[in-house]
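I opened this entry to record a few look-ups, moving from domains to strands. The notes follow in the order in which I made them.

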Amino acid sequence: MAKVKLATSWLDACAGCEMSLLDVDEFIIDLAQAVEFTRSPITDIKEFPEVDVGLITGAIGMDEQEEEAKELRAKCKILIVLGDCACFGGICAMRNAFPKEEVLRRAYIECESVKDGKIPSSPEIPTLLDKALPVNAIVKVDCFVPGCPPRAGDIKYALSELLQGRIPVLPSDMMRFD
Amino acid sequence: MSDRKEITLTINGNQVKGKEGDTVLEVCRANNIYVPTLCFLEGLSTIGACRLCVVEIQGERRINPSCTYPARDGLVVTTHTPNLEKYRRLILELIFTERNHFCFFCAASGDCELQSQAYRYQMDHARYPYTFPALPTDTLNDFLVIDHNRCILCGRCVRVCAEVVGDHTLDFSRRGWRTLVVADLNQSLGQSSCISCGACLQACPTGAIFSKVSAYRGRTSEGKITRSACSLCGVGCETDVLVKDNNIVRIDGANLTGLKGQLCLMGRFQQVYNETPRVTTPLIRNKKGNLEPASWEDASKLISDKIKDYKARQGASSIAGLVSSLCPSETLEAFSGFMRNTVGTSYIDTLDGSSYRTIAEGISAFSKNGKGLRIESSLESILDADCVLVVGSNPLESHPVAGCYILRAKTQKKASIIVVDSRPNTFGFRADVWLRPNAGSEEALLGALEGLVAKKTKSAEKSMRFVSVAKAVEATGLGKDTIQKAAAMLSTAKNPVVVYGEGVFTAKNPKLVARVLDLAKLASHDGLKVISLKPKGNSRGAWELGIASQNGMAKAKPSMVYVLMSDDKFEMGDWVAPVDQAEFVVVQASYRSPLTDCADVVLPSPIWAERKGKYVSLDGKVGNSHKVVEPPSGIKDDVEVIAKIAKGI
């Protein structure tokens, strides 16, 4: 059987979900046999190829991330999102109670560790969206694995189900939002 | 209500029985049919706010919330269909997108009803746009935080505050999605009439209301809950204590909407941790005059030797024993047995002994039938009162749950409240009439009230001596109208209850107690309803053991005093002077205090959570307190320590 092609995208997130993905222990060997990792944090491939499964961690907080999510959606057959940020907005959504300008000012100018700060304005860097949004607010998502981070077991369950051709929904006793 | 007619319903195709007047939800619960709920809390009124409990009812055009739908004979109900489950999940998604319901930084995560419903409905995402409103967080209360962003507007806090606490501090303001739970007229909780009892915290299904002393310290699933009894004030509330890694995480009322289950700020928050330094090892005063750590053997031998020495030289009556009424009955019994039988002295008292003697003398002056404290009625009788006279007490401070009963009588039975207290007393602001006589003139005031009530109810007895209103006006400095108004309230009441407390005890005037009792008798129609708010958690237990029956202390001028303080707070009282003058003082206490600092021998003692025992509530009911945490190493049980000292004599 041909290997399932998988591309991952790390958006507005803290790396906890990736850590959890690596935390699946020996399942990573089975996974490597069944799955070909294309673009991922460890392969350093810049462009998304056409893949079977796209995996997103993190919310969408910047225009670049929005673009990336749309691109991956276009190039994958099934899109799975990992973690509370991708499912609900999560910790990134904490800033949504404040206007974008106030968030930038707080981070780049008012922050206690900053001296003579200024808000970056180079056209080369991505700009912040007004609100950090869950992935399904931007593109269609096929499968959600919530958790902060999702337990390794949740990820294992979701990927095993996917590999067997089913779109998983985490069972109640497995689901965690924290 | 057991005589309600039985009705038969069909729920999910099965015939089930219910009682007329039940809601559909109540019938479901009684028959073990699960229907998810959020805004429903047993014991509170139902408002159908969350719509999670919707059911299909045959003949109804649309789905209906079962918590507000009255059950009737022949009703055909379906609780679970794909359609209903679809709507329930939809409601959850709408709630989740309405405010900030991100669980990972929430104090309630793991103990949240909203979260567990979301798990139940496998809500791994929400299909609606989030609104992200920026709502305020109120942190000014000493113990409670209200984070409106986590609020689902179920109204459980509002209802528990109004219906169980009786305070009705909380209510809704504004309309629709802008609705907020506010205290009073939109004050912060810390500045409102809130009594910080924490009933709203326990009622809250989410993390919208959380406790500063318990937040992030552990979840229910991580610890162990032990059913115990609060031993602080004598109301005797039942508690559920959550302990994790030998630390108390949280104290909940065992039965929030039932009796004695709501708790108060003392029982719920102040006992979670106490930063007062503990006595952890026996201490003996050395030749230089400093207290230094000693072994249990040395300390108990020294005490035994001193007792033998004083007995031999000055007789057993040179030794006195004092015990705090915060100790459980077992400890009190062991201590009084030790002092009376082993030491052989009759000079034994409780720290609140003078309160007892005031009450006891007052009762025997009132009635010679020898029933003593048993003439008092139960705390629950307050709930049925239509007039409550509070003499010399602020129950919301000393016995908050008893105070709540009075507030409930006011809101639910339209009871009038009369407060008689010459001291500053914030309870007066909640009263219909606040009689604040000149200090020392309470007796005259009560005498005048008696006369006025007796005239109306015509139940005067020959032995009663009334005070004329004119004389009372002169003595108390109160207006004639005010006194007459209060008397009218008492005499028209069908079910008046009289509550008196520390203001009467500190006056040490048994005649005042007799006046209170006389007035209660004159106003009563069916049986005397009087309750004295005794100072400590086990005061009644100690008094019934006869420990406070005689006051020998002052007369005896003891040379040696043994004070069993346990975890009681040191407060000045008339027992301090004889202790101060004694040659040799033994103090057995949990916390360091001015008393331990001047003792010759200090013994450690466990606190309430570290021992088990029986407590007699102020209305005579026995409660069991359980050991929920292990004491710090080196601390021994009081009974064991007393036995060890007794063995050495």
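Domains. The model is a predicted one. I took the centres of domain 1 and domain 3 of chain B over C-alpha atoms and got a separation of 60 Å. For the bounds, I noted domain 1 of chain B at 6-80 and domain 2 at 92-270. Domain 3 of chain B is written in pieces, 283-352 + 539-610 + 632-647, and domain 4 covers 355-532.

Gly353. I looked up where B:Gly353 sits and found it in helix H9 of chain B, residues 353-366. Is B:Gly353 buried or exposed? I count B:Gly353 as buried, because it has 25 C-beta neighbours inside 10 Å, and the cut-off for buried is 20 or more. I also checked B:Gly353 against B:Gly18: the two are 335 residues apart in sequence, and their C-alpha atoms are 53 Å apart in space.

Strand E19. How are the faces of E19(B) covered? On one side I find B:Ser416, B:Ile418 and B:Val420, and on the other B:Ile417 and B:Val419, all buried.

Partners of E19. I then listed the strand pairings. Strand E18 of chain B (residues 387-391) runs parallel to E19(B) and is joined to it by five bridges. Within this pairing I recorded B:Leu389 with B:Ile418 as its bridge partner. Strand E20 of chain B, residues 433-435, also pairs with E19(B) in the parallel sense, over three bridges. Here I find B:Val420 opposite B:Leu435.

Sheet E6-E7-E10. I turned to an open sheet of three strands in chain B, with the order E6-E7-E10 and antiparallel pairing. Which strands are at the edges? They are E6 (137-138) and E10 (209-211) of chain B, each pairing on one side only. I followed E6(B) to strand E7 of chain B, residues 144-147, and found two bridges in the antiparallel sense. B:Asp138 stands opposite B:Ile146 of E7(B).

Chain contact. Last, I looked at where the chains meet. I have 16 residues of chain B in contact with 24 residues of chain A. On the chain B side I sorted the residues by class: nine are nonpolar, five polar and two charged.

Key: Residues are numbered from 1 along each chain as its sequence is written. Chains are lettered from A and ligands numbered from 1 in the order in which they are written. This is a predicted model: local features need pLDDT of at least 70, side-chain atom pairs count only at pLDDT 80 or more; totals for chains, interfaces and linings use all residues. Domain bounds come from an automatic or database domain assignment. Two residues are in contact if their C-beta atoms, placed from the backbone, lie within 7 Å. Ala, Val, Leu, Ile, Met, Phe, Trp, Tyr, Cys and Pro count as nonpolar, Asp, Glu, Lys and Arg as charged, and the others, Gly among them, as polar. A residue is buried if 20 or more other C-beta atoms lie within 10 Å of its own, exposed if 12 or fewer, and partly exposed in between; C-beta atoms are placed from the backbone. Helices (H or I, at least four residues) and strands (E, at least two) are DSSP runs, numbered from the N terminus. Two strands pair if DSSP finds at least two bridges between them.
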